[in-house]
Amino acid sequence: MPLSIFGFQALWSPYFLGFVIFLTVLYFLVTVTWKDKFENSEPLKRSEAIYFILAMLSLYIIKGSPIDLLGHIMFTMHMVQMAFLLLLVPIFLIKGIPVWIWEKLLSIKLFQLIVKLLTLPIVSIFLFVGMFSVYHLPSVFDTIKMNMTYHAIYTLLLFIAAVFMYWPLLNKVEGQHKMKNITKLAYIAGNAVLITPACALIIFANHPMYATFYDAASWLKSMELCVPVETLASLSLTGPELFSNLTPVSDQQVGGVLMKIIQEIIFGVILYKVFMDWWQNERKNENEITENALKEFQNRSTY
């Protein structure tokens, strides 16, 4: 059955598109047009603009295009959505917002306190993994998927937790939590390991876990998050099987596998980038490092 039966609003989310356009226009007003009104502002870098545009494009594709509708129909697409929303968009966002704007935001005492606490590496990694794992508990998942308010709030909080998780790796703000290259490698690897049990539970389950993807009444209720109620009422729908050949268990397992694969690819790219930066920095400063090592050795020898 074609997705077009759900109508233009469900397929392309025009209100969400308007929100994304508003954020993009506001970004360029602040970073270009109104820049001189802010103390210690700096010219917008081309790379920052590209990263922010990528963040907005990715956000709309994930949450505003037909992919969002498919994410309510099939668990597979839901997990692909979550993977890119939580593991890719935060990278673009952190790198796309200029450092001087982050500094302005962090000058607000309450905001600074919250960020300082929740971006401690040990806190941020367990906060993100914990929220992700709790979200995919069947009772929690179905409750959130059938309530517009719960869904919006939890998705936003989970996204913020993902930003906090990446913050110690990517931020360039003075005084904020930062890690050495060796610690970054361990941090990324630890994150990959800690998120595995939640994915494994989904992949190896031999029964459908989420009513919103196999029970007709629960599925229709969850569809109200992206399809107008009057549109749903005019359609004769019995369940997600109308739009997919996968059984609920197969759909669930494929979703879990894709989530893990996408996570491994993204983390693998980050690991490669961290390692290459580390290696290049070592080569660039190899003479200085050798001299310091010799001085330290000579100092120890004198004792």
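Q: Which residues in α5 do Leu59, Ile62 and Lys63 in α3 meet?
A: Bear in mind that this is a predicted model: local features need pLDDT of at least 70, side-chain atom pairs count only at pLDDT 80 or more, and totals for chains, interfaces and linings use all residues. Residues are numbered from 1 along each chain as its sequence is written, and side-chain values use heavy atoms, with hydrogens and water left out. Helices are DSSP runs (H or I, at least four residues), numbered from the N terminus, and contact means heavy atoms within 4.5 Å. On the α5 side, the partners of Leu59, Ile62 and Lys63 are Gln81, Phe84 and Leu85.

Q: Are α3 and α5 roughly parallel or antiparallel?
A: The axes of α3 (residues 46-63) and α5 (residues 75-87) come within 10 Å and cross at roughly 160 degrees. Axes here are lines fitted to C-alpha atoms over the stretch in contact, with angles from 0 to 180 degrees between N-to-C directions. Since angles over 145 degrees count as roughly antiparallel, α3 and α5 are roughly antiparallel.

Q: How many salt bridges does a search of the whole structure find?
A: A salt bridge needs a side-chain nitrogen of Lys or Arg within 4 Å of a carboxyl oxygen of Asp or Glu. One of them joins Lys63 and Asp68, with the closest N and O atoms 3.8 Å apart. The whole-structure search gives a total of 5.

Q: Is Asp68 buried or exposed?
A: The cut-offs are under 20% relative accessible area for buried, over 50% for exposed and in between for partly exposed (1.4 Å probe, protein chains only). Asp68 comes in at 7%, so this residue is buried.

Q: How far apart are the closest N and O atoms of Lys273 and Asp277?
A: Both residues sit in helix α15 (residues 248-284), 4 residues apart, about one turn of the helix. Lys273 is partly exposed at 48%, and Asp277 is partly exposed at 33%. Their salt bridge has its closest N and O atoms at 2.9 Å.

Q: Which residue's backbone nitrogen does the side chain of Ser244 reach?
A: Ser244 sits in the loop between α14 (229-233) and α15, and counts as buried at 15% relative accessibility. At 3.1 Å, its side chain reaches the backbone nitrogen of Leu246.

How values were computed. Helices (H or I, at least four residues) and strands (E, at least two) are DSSP runs, numbered from the N terminus. A polar contact is a pair of N or O atoms within 3.5 Å; within protein, one must be able to donate a hydrogen and the other to accept it, and residues adjacent in sequence count only if both atoms are side-chain atoms. Angles under 35 degrees count as roughly parallel, over 145 as roughly antiparallel, 65 to 115 as roughly perpendicular and the rest as oblique.
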